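Hi everyone, thanks for making time for this. I'd like to walk you through one structure, so let me put it up on the screen.

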Amino acid sequence: MNIIIPIKQVPETGNVKMDEETGTVVREGAASIINPLDLYAVETGIQLKEKLGGKITVITMGPRSAEKALREAISMGCDDGVLISGKEFAGSDTWVTSYVLSEAIKKIGDYDLILAGERATDGETGQVGPEIASFLDLPMAAYTSRIVELNTESVVVERLIEEEYEMLRLSMPALLTVVKEISYPRLPTLRGKQRAKKIAIPVWSKDSMELDEANLGLKGSPTRVVKISTPQVLRNGMVIPADDEESTVRAVNQMLDFMREKNLIR
Amino acid sequence: MNYQGVWTVSENDQGKLKGVSYELLARGRGLADKLGNELASVVIGHNITDEAVEELIHRGADAVYLVNDPGLRHFVVENFSAVLRDLINVYKPEIVIAGATTYGRTLMPHVAVRVNAGLTADCTELDIEEGTGNLLQIRPAIGGNILAEIKTPERRPQMATVRPNLIKHAEKDERRKGEVVNVEFKAEWIDRRVEHLGFRKSEGENINIQGADVVVSGGGGLKKKENFGMIKKLAESLGGVVGASRVAVDRGWMSYPHQVGLSGKTVTPKLYIAVGISGSIQHLAGMKTAETIIAINSDSDAPIFKVADFGIVGDAFEVIPALLESLDHY
Ligand SMILES: Cc1cc2nc3c(=O)[nH]c(=O)nc-3n(C[C@H](O)[C@H](O)[C@H](O)COP(=O)(O)OP(=O)(O)OC[C@H]3O[C@@H](n4cnc5c(N)ncnc54)[C@H](O)[C@@H]3O)c2cc1C
């Protein structure tokens, strides 16, 4: 079972704080980590490899420093990494990103399964997984919450949709995007860390994949971010205490009044 | 460029249209009117009734592209993508919008690749730029901490998914007339590599927290699983569903489909009640666009109060039972 896992490096939000004056986020000093939702894909891949053998290649497109994310995934148990990097890729939107990742996946070749996180915690588009499936014309299940059955011919999965779970059978090779419910990511092992430190990670440019620069980066991207603003999130509504029976009754009554005013209850 | 008109991709369940379809019509109508163009809606599925098609017209569609066939009974992205790709290639709409639901967010990226179009995810606002007529797509990113305005200046169609439950459904006007285009089914649309095997209901609580008007969520402050009982009761008496913070999910008090936040779902109910939830950045990412937010927390410094419209500083184990009692006497 050969698996390829595209991952993304994102700013860590774990220590991010909200500026209480402006209601905006303070991101200074935020470290870069593997997109937390990609870890579920990495864990799922490692579990499949442990059961069925084979090899896991993690790939990412990003700045040189994104190599760290690949090494982290390798320290958890992935085998190889490929970094796609170069200024020609800067500013790529999801369409171009998935195009480039698809070309890289083709070049790696010999895979049975592509696993991806549901979305990245920075861009939050959730588009790259489905777009890769579309470029590579692979059967896809998005929002996969469970792998029910898997063999060399096909995979049966459950996907989490709004009201329920849907079961699909896909013939292999296939692409799954996964949600948190599918697994619990492990921590890197010491041996994994040592291996990750030493392993050579090839860096691919547009030339390694014979890509036309016109289709890459900002220039090749159909969509353009034209403005960024920080929304005001503070509402600073009325806050009242409930510290004994009397004040609790009062607070509850005020809450009901408030809800009535807003037509939330009659 | 001869791309023209605005399309919405309607969603249906066994032939019955979902509410998001009417929300899309409201968005689409506004865009089409600004452009002085037609609004059409695409419906793909099986057993789609004439009434359902009529309703799309009554609620604002000038035309409906109906693709109704047993082969399309279930949403299989490969099949639906092939249908939508062909329709787009033939009729060349300028704008195509769908719900930012699991349906839209699976289908639209698949199609965007096939038709070489730009796609913007999970928009909260759409508008038409004066002068250029370009679609302006506004969407939150980084856990809702920034708002990005995005354009697709050159490629057509301009595609977007739109976060559901943000605006009112388009009004019904039974006098409205429109054209129905019956699209003939093509066997080649069906991808034999994918098979729909069935659905499984989740045990216990309703998990459709994104479709609910009221979400009552519990967090670490509830201390143990059993205490979610009172959260469920409160949700029930308000006609809502139960949500949870990651702490509550990771401790096994509620299942993952109930998780609200950065690594869970984004909800936009009319009312969100957070009980024993601190209000971390990651939790806020999933609920701060709720219309009204009420927080109940014993710590007056909990950040959740900053984003709340109304808050009670108190012990949830005192406040919630008192609240339930008052609601009972209602
Ligand atoms: C990458 C990443 C993704 C994440 N994704 C999510 C996500 O999707 N959703 C999410 O929720 N979190 C997420 N988190 C976790 C998040 O950072 C917080 O840890 C989490 O939201 C805290 O949950 P909580 O507020 O319920 O629990 P706690 O932090 O334990 O807070 C409990 C609160 O309850 C209050 N309390 C205690 N006792 C009582 C009482 N008797 N009555 C009333 N109030 C009481 C306390 O004052 C406190 O404010 C994520 C974190 C990371 C790093």
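Let's begin with chain A as a whole: it has 266 residues, and 56% of them count as buried. Do keep in mind that this is a predicted model. Chain A's secondary structure comes to 7 helices and 15 strands.

Which strands form it, and in what order? There are 4 of them, in an open sheet that runs β14(A)-β10(B)-β9(B)-β8(B), with antiparallel pairing. From one strand to the next, the twist averages 25°.

Let's zoom in on the β8(B) end. Its link to β9 of chain B, residues 135-141, is made by 4 bridges, and the two strands run antiparallel. If you want a spot to look for, find B:D127, which stands opposite B:L136 in β9(B). Lying across β8 and β9 of chain B is helix α1 of chain B, residues 19-35, which runs at about 15° to β8(B).

My last stop is helix α8 of chain B, residues 316-328. This helix has 13 residues and reaches 18 Å from its first C-alpha to its last, close to the 18 Å expected at 1.5 Å a residue. At the start of α8(B), look for B:D315: one of its side-chain oxygens reaches to within 2.9 Å of the backbone nitrogen of B:F317.

So which residues of α8(B) are buried? They are B:A316, B:V319, B:I320, B:L323, B:L324 and B:L327. Why do they end up on the same side of α8(B)? Because they cover an arc of only 130° around the axis. Turn to the face pointing away from that buried side, and you find the exposed residues B:E325 and B:D328.

And what do the buried residues of α8(B) pack against? From chain A, there are β15 (238-242) and α7 (245-261). From chain B, there are α5 (228-237), β16 (271-275), β17 (292-297) and β18 (310-314).

Conventions
Residues numbered from 1 in each chain as written. Chains lettered and ligands numbered in written order. Predicted model: local features only at pLDDT ≥ 70, side-chain atom pairs only at ≥ 80, totals over all residues. Heavy atoms only, no water. Pairing = 2+ DSSP bridges. Axes fitted to C-alpha atoms, helices over the stretch in contact; angles between N-to-C directions. Contact = heavy atoms within 4.5 Å. Expected span 1.5 Å × (residues − 1). Buried < 20%, exposed > 50% of the residue type's maximum accessible area, 1.4 Å probe, protein only. Arc of directions from axis to C-beta. Polar contact = N/O pair within 3.5 Å; in protein donor to acceptor, adjacent residues only side chain to side chain.
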